[in-house]
Amino acid sequence: MEETWRLAGKKDTLGTRARMIQAIRRYFTDRGYLEVETPLRIPAPAPEEYIDAVPSGQWYLQTSPELCMKRLLAAGYSRIFQISKCFRDRERGVHHLPEFTMLEWYRKDIDYLALMEECEEMICGAALQVGVGDRIVRRGKTISLKPPWERLTLEAAFAGYAPFTTLRDAVESGRFEGVLVDHIEPCLGRERPTFLYEYPLSLGALARAKPEDPKVAERFELYIGGLELANAFTELADAEEQRQRFERARRARFTAGQAVYPEAEPFLRALPGLGEAAGIALGIDRLAMLLTGAERIDDVVAFSPEEL
Amino acid sequence: MYSASDLKKGLRIKIDNEPYIVTEFNFVKPGKGQALYRCKLRNMVNGNQFERTFRSVDTFESADLREKRMQFLYVEQDKYCFMDNETYEQVFLSQDQVGDAKNFLIDNIEVEILFFEDKPLGVSLPNFVDLVVTMAEPWAKGDSVTGNTKPVTLQTGYQLLVPTFIEEGEKIRVDTRSGEYLTRVKG
């Protein structure tokens, strides 16, 4: 009884979520993007040090559709998007579900800075379509969605919000995540959304290095109201470099006693065909949280794993 | 042995040889970075609370806690004495350790005593305990509206609200989890 009652209470939120997804589809199809579907069950997820895949037989459930989508991109599908389920083992919290919905889109001949503008346009469009307008309220604070949004380098964010350390020290001492979560993230996207960009190369495993500064990865993350919403790169198209970075991640996983995935050979073979391109992954559940004012990710899905 | 991903509210773990209970728990994981497990912990021996953030590489031993059935004997100078009826072993709990349970500890009542290794930490009561009303205002005739209550004092000194028809010397059943009146007990 109580379960039925709770489900019924989500009707408005789930309605807004559905309209939001329809608006996103329309945004991309109107701009010549092709909607694609790639397999959820794959033999070789990208080896990332801190992302664990859920095994499925001898294979794995995807942690992201990234590798398959880049193979399509390299084969000449120049504008593609996908809305699909992704699975990450043991990720469960107020903002995390081990099974969640991801929007990814990729485009040829642009870099990550151009993606920032597409983000602004797409999210503003979706907010308008679901009737939220150009401002949202999160935890009692109003956030204006009017572009342009704030662009803040990681270096500047550390100087401004965590002056007791530097980006370099935090990364080298393994305290990067702690400082980011405790001191920087709460300050991001407070009055308008923030693009946090220019990550150290070691924190952008699939990103291209900045041509004029090879220690910096062309990567950004989008934050709204302190909530991390999307991660984007200018894609690395150098197969040899990518192979070496995968190898480092694989070794780190091995040392930490984590599962080591097979090499994604077809992806590495296709990579040189990528040319200049950029891509982004955006959490649909979290965007739904922002547009509905939900505090917990559980509130924007019909069922959390504990409710099954 | 627990790993950080086992952490959740209510889990009992051992840190520096002391038992802790997780009172609040939050999983955070920025970007593609490593997961952080933020916890509020309470020391089950001295009650001290603190916050700590763990990483996925951290592991914990489970706190070696067990419960033993014992009988409450007496209280003297804020020490509560309990006895194991089979071994006649006696243990003492302080007022802090007993907490609100003191309101329901009547002579000879059987309770569960929580131990960490050999140290007694606390007491858990049966859900329902029958106690004698030792002080109550007499029932004023005419005050018969259902739902009306009056305060009474029980044999342990505990005060609570009961229906107006309860008289001094009667026995009532109390829910020890909420501390509320349940029913009158005849006999």
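## Helices α5 and α7 of chain A

A crossing is left-handed if the near helix is turned anticlockwise from the far one by less than a right angle, and right-handed if clockwise. In this predicted model, α5(A) passes α7(A) in the left-handed sense. Helix α5 of chain A covers residues 154-161, and helix α7 of chain A covers residues 176-184. They pack at an angle of about 60 degrees. Their axes are 11 Å apart. That angle makes α5(A) oblique to α7(A).

Which residues of α5(A) meet α7(A)? They are A:L154, A:A157, A:F158 and A:Y161. On the α7(A) side, the partners are A:F176, A:V179, A:L180, A:H183 and A:I184. By class, this contact has eight nonpolar residues, one polar residue and no charged residues.

## Helices α2 and α4 of chain A

Helix α2 of chain A (residues 11-30) packs with helix α4 of chain A (residues 112-129) at about 135 degrees. The axes of these two helices lie 9 Å apart. α2(A) and α4(A) are therefore oblique to each other. Their crossing is right-handed.

α2(A) brings A:M20, A:A23, A:I24, A:R26, A:Y27 and A:F28 to the contact. α4(A) brings A:E118, A:E121, A:M122, A:A126 and A:Q129. Sorted by class, the contact of α2(A) with α4(A) has seven nonpolar, one polar and three charged residues.

Helix α10 of chain A runs over residues 284-292. Eight of its nine residues are buried, so the helix is largely enclosed by the rest of the structure. The buried residues are A:I284, A:D285, A:R286, A:L287, A:A288, A:M289, A:L290 and A:L291. Just after α10(A) comes A:G293, with a positive phi of about 75 degrees.

α2(A) also packs with α10(A): their axes come within 10 Å and cross at roughly 120 degrees. This crossing is right-handed. From α2(A), the contact takes in A:T13, A:T16, A:R17, A:M20, A:I21 and A:I24. From α10(A), it takes in A:I284, A:D285, A:L287, A:A288, A:L291 and A:T292. The class count for α2(A) with α10(A) is seven nonpolar, three polar and two charged residues. Two residues of α2(A), A:M20 and A:I24, meet α4(A) and also meet α10(A).

## Aromatic pairs and a cluster

Over all chains, the whole structure holds 18 aromatic pairs. One of them joins A:Y112 and A:Y197. This pair is tilted, with 55 degrees between the planes and 6.5 Å centre to centre. It links distant parts of the chain, 85 residues apart. A:Y112 sits in helix α4 of chain A, and A:Y197 sits in strand β10 (residues 194-200) of chain A.

Are these tyrosines buried or exposed? A:Y112 is buried, at a relative accessible area of 3%. A:Y197 also counts as buried, at 17%. Elsewhere, A:Y27, A:F28, A:Y33, A:F81 and A:W105 form one aromatic cluster. A:Y27 and A:F28 are also among the α2(A) residues that meet α4(A).

## Backbone features in loops

In chain A, a cis peptide bond joins A:P147 and A:P148. Its omega is about 0 degrees. A:P148 lies in the loop between β8 (141-144) and β9 (150-153) of chain A.

Chain B has positive phi values at residues other than glycine. B:N17 has a phi of about 65 degrees. B:N17 lies in the loop between β2 (12-15) and β3 (18-28) of chain B. B:N17 is exposed, with 54% relative accessible area. B:E117 has a positive phi near 50 degrees. B:E117 is in the loop between β10 (110-116) and β11 (119-124) of chain B. At 33% relative accessibility, B:E117 counts as partly exposed.

## A buried phenylalanine in chain B

B:F115 belongs to strand β10 of chain B. B:F115 is buried, at 1% relative accessibility. Which residues does B:F115 contact, leaving aside its neighbours within four places in sequence? They are B:D64, B:L65, B:R66, B:K68, B:M70, B:V91 and B:P120. B:D64 is 51 residues from B:F115 along the chain, yet their C-alpha atoms are separated by 8.3 Å.

Definitions and conventions
Residues numbered from 1 in each chain as written. Chains lettered and ligands numbered in written order. Predicted model: local features only at pLDDT ≥ 70, side-chain atom pairs only at ≥ 80, totals over all residues. Heavy atoms only, no water. Axes fitted to C-alpha atoms, helices over the stretch in contact; angles between N-to-C directions. Helix = DSSP H or I, 4+ residues; strand = E, 2+ residues; numbered from the N terminus. Parallel < 35°, antiparallel > 145°, perpendicular 65-115°, else oblique. Contact = heavy atoms within 4.5 Å. Nonpolar A, V, L, I, M, F, W, Y, C, P; charged D, E, K, R; others polar. Phe/Tyr/Trp six-rings, centres within 6.5 Å; stacked < 30°, edge-to-face > 60°. Buried < 20%, exposed > 50% of the residue type's maximum accessible area, 1.4 Å probe, protein only.
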